[in-house]
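Thank you for coming, everyone. I would like to walk you through one structure this morning, slowly enough that anyone new to it can follow along on the screen.

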Amino acid sequence: MPVPILKQRDYLIASVQAALSDSDLTELRDNLSSQVGRYRSRGVIIDVTVLDVIDSFATRTLRSVAHMLKLRGAQTVIVGIQPDVAFAMVQLGLTLEGVGTELDLEEGLAHLGRLTKRRVKDGP
Amino acid sequence: MDRKIQVEVSSVADIVAARQKGRALAMELGFDGSDLTMIATAISEIARNIVDHAKRGTITFTPTHRNGARGILIVAKDDGPGIRDVTQAMQYGFSSGNGLGVGLPGAKWLMDDFDIRSELGRGTVVTMKKWLRHDQFTRNKHGAGD
């Protein structure tokens with residue numbers, strides 16, 4: 001199931017709706033990379049609130065998304081990692097080093113606001 | 001409740017299906033919270049191991065018990081190329097492919113019991129178990145009696 005990507009001003013918001021297969025994840029990565037260019041986005045939020053599993057492949061893909069988008073000039077924040085999922089990730093020794101994480105969408109937007117502050121044009 | 005569920009694994013979509021079915025059985029058995037997430041994540045790792053290295057295989061989920069404790073037994077079996085060096089494959093960070101090398105050792109950490117047997121040219125069998133904590137077990141028994 002493809003992840004819908006919403007454009008909001010200078011940001012893209014990818015809101016995961018259901019369990020993701022490996023191919024859904026790589027598709028998300030490719031879509032975000034191209035849309036960041038198309039919309040000249042400064043920041044990307046990936047909302048993973050609904051995910052009940054973030055395994056090694058998902059972690060690796062999320063990390064590579066963030067690093068790729070950084071090379072394209074956009075900051076990435078992962079929001080909504082559930083407590084049980086965070087626990088299992090720690091058990092697995094998985095980290096999202098170098099990737100912004102926030103509790104929820106609201107904090108994610110604030111995070112991007114701080115990171116992209118000087119570059120964001122005033123809205124209408 | 002003593003049912004056995006078997007899932008064929010040969011694609012990335014099957015990885016998702018396997019962890020969802022395993023999680024559903026674990027929930028039925030009384031597991032909750034982070035245990036369900038750990039079981040589902042461990043299934044995901046061993047299922048991916050099948051798809052990446054053996055192309056296809058099966059995972060079975062069975063309720064199990066030992067000395068009055070109840071739990072879930074998960075067996076992943078494939079007829080793939082086998083693992084040349086199981087000790088090395090179980091080292092954290094070692095990967096023969098392009099993965100993180102976290103899958104098999106990670107699954108071991110997430111579960112209570114873990115065993116892997118592999119024979120070159122014959123395939124690999126991963127057996128893992130998770131046991132219900134006492135409070136989960138008793139709550140489940142009471143729940144079943146209601």
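Predicted model: local features only at pLDDT ≥ 70, side-chain atom pairs only at ≥ 80, totals over all residues.

Let me begin with a term: two residues are in contact if their C-beta atoms, placed from the backbone, lie within 7 Å. With that in hand, look at B:Val86, which, leaving aside its neighbours within four places in sequence, is in contact with B:Ile116 and B:Ser118. The C-alpha atoms of B:Val86 and B:Ile116 are separated by 7.7 Å, although the two residues are 30 residues apart along the chain.

Residues are numbered from 1 along each chain as its sequence is written, and chains are lettered from A and ligands numbered from 1 in the order in which they are written.

When I speak of helices (H or I, at least four residues) and strands (E, at least two), I mean DSSP runs, numbered from the N terminus. B:Val86 has its place in helix H3 of chain B, residues 86-89. Is B:Val86 buried, exposed or partly exposed? We call a residue buried if 20 or more other C-beta atoms lie within 10 Å of its own, exposed if 12 or fewer, and partly exposed in between, with the C-beta atoms placed from the backbone. B:Val86 counts as partly exposed, because it has 14 C-beta neighbours inside 10 Å.

Let us turn to the sheet in chain A. Here 5 strands form an open sheet in the order S1-S2-S3-S4-S5, with mixed pairing, where two strands pair if DSSP finds at least two bridges between them. Strand S1 (5-8) and strand S5 (100-102) of chain A stand at the edges with a single partner strand each, so one side of each is left without a neighbour in the sheet. From one strand to the next, the twist averages 25 degrees; axes here are lines fitted to C-alpha atoms, for helices over the stretch in contact, and angles run from 0 to 180 degrees between N-to-C directions.

Within that sheet, strand S2 (residues 11-15) and strand S3 (residues 43-47) of chain A run parallel and are joined by 5 bridges, and A:Ala14 has A:Ile46 as its bridge partner in S3(A). Helix H4 (residues 105-115) of chain A packs on the sheet, where it touches S2, S3, S4 and S5 of chain A, and its direction makes about 160 degrees with that of S4(A). Helix H2 (residues 56-71) of chain A lies across S3 and strand S4 (75-79) of chain A, running at about 155 degrees to S4(A).

Now to the place where the chains meet. The contact takes 18 residues from chain A and 23 residues from chain B. Which helix gives the most to the side of chain B that touches chain A? It is H2(B), with 9 residues. The residues on that side of chain B divide into 11 nonpolar, 9 polar and 3 charged; Ala, Val, Leu, Ile, Met, Phe, Trp, Tyr, Cys and Pro count as nonpolar, Asp, Glu, Lys and Arg as charged, and the others, Gly among them, as polar.

Of its 22 residues, 19 are buried, so H2(B) is largely enclosed by the rest of the structure. Just after H2(B), B:Lys55 takes a positive phi of about 75 degrees, although B:Lys55 is not a glycine. B:Lys55 is found in the loop between H2 and S2 of chain B.

Finally, the strands of chain B. Strand S2 (residues 57-66) and strand S3 (residues 69-78) of chain B pair in the antiparallel sense over 10 bridges, and B:Gly57 has B:Asp78 as its bridge partner in S3(B). These two strands form a hairpin with 2 residues between them, and B:Asn67 in the turn has a positive phi of about 50 degrees. B:Asn67 is exposed, because 5 other C-beta atoms lie within 10 Å. S3(B) also pairs with strand S5 (residues 123-131) of chain B, in the antiparallel sense over 8 bridges, and there B:Lys77 stands opposite B:Val125.
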